[in-house]
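I opened this notebook page to keep track of what I looked up in the structure, entry by entry. I start with the terms I need and then turn to the helices and single residues.

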Amino acid sequence: MSKVELAMPSYGMADTESVVLQWLREPGDVVQEGEPLVEIETAKAQMSLEAPASGCRGTAPGRRRRRDRHRYRPDLDRAGIVKTHTDPATDLTANIDLDGVSSEQVHRWLGRMLLIREFESTAAPQALNGTIPGGMHSAAGQEAVAVGVLAALGHGDVTAAPHRSHHVAIASGIDLRGAMAELFGKAVGVAGGRGGHMHLADFGAGFFGSNGIVGASAGIALGAALAQSYRNEPLVSAAFFGDGAANTGRTWEFANLAAAWRLPLLLVCENNGYAVETRISDALAGDSIAARASGFGMPAVQVDGQDIAAVWRVATEAADRARAGGGPTFIEALTYRHLGHDVGERGKYRTADEVEWWLANRDPIARLRAAAVARGDLDEAAYAAASESARERVADAVVYATDAALPDPRTVTDGVTATPLNVRSNR
């Protein structure tokens, strides 16, 4: 086979060298044109280079920096990681302590997490085939964070969420049929079919909505917390956002106000390791996001977000403190999304080994199930019944959404302005 030179990209005059992070093919491997060959890092970006032609990979001397293939693991990554995890490769109950958790709570939590997983697993292929317009950001894998926090909240409390919001919405009690219909863009959706999957809301359930502005959920929940405080209500608001929001200024402006005014606010950072494709350890200064938050004079804790009992405990403590006038708490929940930033993503920033490790060792549903079985709270029949109930509810929501009508095009301007625009036509 003929020799083909692999040209390193340049994104600026100062971009004079590239660092080989990881070869994706071994010397001697046959590669096809367009196949990912090597991961590199330049001064401007991290990316995969594709083979410019079909052939056989030879040796490649030169500067190389090794990175562990398991890029984001609790015991390996430097930023935002709990160091006390045991490896549950053979024991999924590791670090799942159900002390103080009733059997009823276990079944309720498991049922809610299974419902979220079924909703996401059903909706994802609908987004890929275009039935759900506009794509989708799946929260599969992050169920324990939402369900654990909401288990510490009650009637009248408020939640707000970012673009990846279905788990928070369902844990908050959103109407499931209305949520699925909104994803389908139907008139009976919770936002009239106008918002889509990123703009869900159910004010009756205390879910003040989700949106695509990074960190904006903290501002929405901050406003709700201010109203609760002003009215002297024993209520709490919780804002969910991702680790990407930890590097966004508005997030810390909201945190500062909440701390300064001692508002009843839970700031819940779902650190799933990546802000879109940027690994958190490549973008975060300091020891952790929680450590950064503690600088605002509020309690800040880092918790295993795949352990629902641990999440529930820290959220309960934070909510109790907020109701008693103790002000806000920052919770950094270490979690992991099973799919890409959006469904159908062809990202190469995570290795198959990394994803498989998290699915095998840190799936929140599997861990709770194993702990419940070990304590005698759950048997196979009960788990099968809970799974079937989730499937039936989601299937019903899909039928409802499929059969529903699309919004009337003549109402396109409704709700856009306070004063009617009078642009409707009978044509």
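Predicted model: local features only at pLDDT ≥ 70, side-chain atom pairs only at ≥ 80, totals over all residues.

**Entry 1, the whole chain.** I counted 11 helices and 13 strands in the protein. Of its 427 residues, 50% count as buried, and the protein exposes about 19500 Å², of which carbon and sulfur atoms supply 52%. I then looked at contacts between residues with a separation of 6 or more, and found that 72% of these join residues 24 or more positions apart.

Arginine 262 is not a glycine, yet has a positive phi of about 50°; I found arginine 262 in the loop that runs between α6 and β9 (265-271). The other is valine 276, with a phi near 60°, again a positive value in a residue other than glycine. Valine 276 sits in the loop between β10 (274-275) and β11 (278-279).

Arginine 337 is placed in the loop between β13 (329-334) and α9 (352-361). At 1% relative accessibility arginine 337 counts as buried, because the cut-off for that class is under 20%. I also noted a pair that is separated in sequence, arginine 337 and glutamate 270, which are 67 residues apart along the chain while their C-alpha atoms are separated by 9.9 Å.

How do the axes of α1 and α10 cross? Helix α1 (residues 103-128) and helix α10 (residues 364-375) have axes that come within 10 Å and cross at roughly 155°. That makes α1 roughly antiparallel to α10, because angles over 145 degrees are classed in that way. The crossing is left-handed. From α1, the residues making the contact are Ser103, Val106, Trp109, Leu110, Met113, Leu114 and Arg117, and from α10 they are Pro364, Ile365, Leu368, Ala372 and Arg375. By class I have 9 nonpolar, 1 polar and 2 charged residues in this contact.

Still in α1, I looked up histidine 107, which is partly exposed with a relative accessible area of 32%. Not counting residues up to four places away in sequence, histidine 107 touches Asp377, Leu378 and Ala382. Histidine 107 and aspartate 377 are 270 residues apart along the chain, and 8.1 Å separates their C-alpha atoms.

I next took α1 together with helix α4 (residues 176-183), which pack at an angle of about 25° with their axes 12 Å apart. The two helices are therefore roughly parallel to each other, and α1 passes α4 in a right-handed crossing. Leu115, Phe119 and Ala123 of α1 make the contact with Leu176, Ala179, Met180 and Leu183 of α4. Which classes do the residues of this contact fall into? I find 7 nonpolar, no polar and no charged.

Ala216, Ala218, Gly219 and Leu222 in α5 meet Arg250, Phe254, Leu257 and Ala258 in α6. This contact has 6 nonpolar, 1 polar and 1 charged residues.

I followed up leucine 257, a residue of α6, which counts as partly exposed at 30% relative accessibility. Leucine 257 and proline 328 lie 71 residues apart in sequence, and C-alpha to C-alpha they are 9.9 Å apart in space.

Conventions. Residues numbered from 1 in each chain as written. Heavy atoms only, no water. Contact = heavy atoms within 4.5 Å. Helix = DSSP H or I, 4+ residues; strand = E, 2+ residues; numbered from the N terminus. Nonpolar A, V, L, I, M, F, W, Y, C, P; charged D, E, K, R; others polar. Buried < 20%, exposed > 50% of the residue type's maximum accessible area, 1.4 Å probe, protein only. Areas by Shrake-Rupley, 256 points an atom, 1.4 Å probe, with all protein chains shown as cover. Axes fitted to C-alpha atoms, helices over the stretch in contact; angles between N-to-C directions. Parallel < 35°, antiparallel > 145°, perpendicular 65-115°, else oblique. Left-handed = near helix turned anticlockwise from the far one by under 90°.
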